[in-house]
Each structure stands twice: as C-alpha cells, then as structure tokens.
Amino acid sequence: MPFEEVATTWVGLSASEQYLVRIVLEEDRTGTGGYTFLNEEPRTFRISSWSYDAGRIEIEPVPPAGPPSWVSSMQGSILGLTMHLEASGDDWKINFVLRREAELEQRWNLLKHQMESKETR
C-alpha cells in the first residue's frame with residue numbers, strides 16, 4: 001500500500017475485542033488517536049510521529065493525561081487493506097486489527113441500506 005493510502009483514518013478492535021481504537025495518520029507523519037475500553041469514557045492521545053516502509057509501520061504516540069494506559073510505541077504491518085498493530089509493556093501486550101475508516105464506513109452503509117430496503121418490501 002502506498003504512503004498516501006496509509007495516511008488516513010483507521011478504526012478497529014483489539015484481539016480481545018475489549019478496546020475500540022481510532023487512529024488518524026496525517027501526511028506530515030503526525031496524528032491523533034483515541035480508544036474506548038468496554039463501556040468506559042473514551043481517551044484521546046497525540047501521535048508525535050509515524051513511519052511506514054515496505055509494509056511495516058511504527059507509531060510513536062504521546063500517552064494521554066490521567067491514569068496510566070496501554071498507549072505506547074506501536075509496531076506492525078499492513079497486509080492488503082488491514083493494519084495489524086501491537087503495543088506492549090513489561091508484562092502485557094495488546095494486538096489490534098484496523099481498517100481504513102472510509103472504506104469500512106462505505107461498506108457498512110451499503111449493507112445497512114440494503115437491509116433497510118429489504119425490510120420495507
């Protein structure tokens with residue numbers, strides 16, 4: 001995937017499906033992110049830098065203010081249209097699978113529209 005297609009908004013879930021995450025990667029190699037854990041309040045963070053080369057991605061976030069969180073350096077890969085990311089600490093690891101938000105939203109809306117039109121028949 002070319003750099004220009006990586007510099008977009010990504011959404012996804014952790015492997016445990018307990019975290020919902022959204023990451024906005026800007027073309028200037030900065031960005032923003034946010035997540036929710038189960039039904040807790042969303043938390044946001046800045047991305048100070050990110051790099052992408054030959055399918056490998058690295059993201060350097062600034063942990064959010066307040067209580068400790070999982071937000072730390074993330075590494076991963078982009079295979080096809082899917083980004084796989086991992087964040088880890090001394091005794092923990094979280095894996096995420098993300099998709100480009102615009103494409104996911106388009107597919108979701110198409111499915112929703114199709115189902116709603118079938119309900120009205």
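Let me begin with Tyr-19, which is buried, with a relative accessible area of 16%; buried means under 20% relative accessible area, exposed over 50%, and partly exposed in between, with a 1.4 Å probe and protein chains only. Please keep in mind that this is a predicted model, in which local features need pLDDT of at least 70, side-chain atom pairs count only at pLDDT 80 or more, and totals for chains, interfaces and linings use all residues. Residues are numbered from 1 along each chain as its sequence is written, and side-chain values use heavy atoms, with hydrogens and water left out.

Now to the aromatic rings. The structure holds eight aromatic pairs, where rings of Phe, Tyr and Trp (its six-membered ring) pair if their centres lie within 6.5 Å, and where planes under 30 degrees apart count as stacked, over 60 as edge-to-face and the rest as tilted. One of them joins Tyr-19 and Trp-70 edge-to-face, at 6.1 Å centre to centre and with 75° between the planes. Because Tyr-19 lies in strand β2 and Trp-70 in the loop between β5 (56-62) and β6 (74-79), this pair ties together parts that are 51 residues apart in sequence; strands here are DSSP runs (E, at least two residues), numbered from the N terminus.

Finally, Tyr-19, Tyr-35, Phe-37, Phe-45, Trp-70 and Phe-96 form one aromatic cluster.

Conventions:
Helix = DSSP H or I, 4+ residues; strand = E, 2+ residues; numbered from the N terminus.
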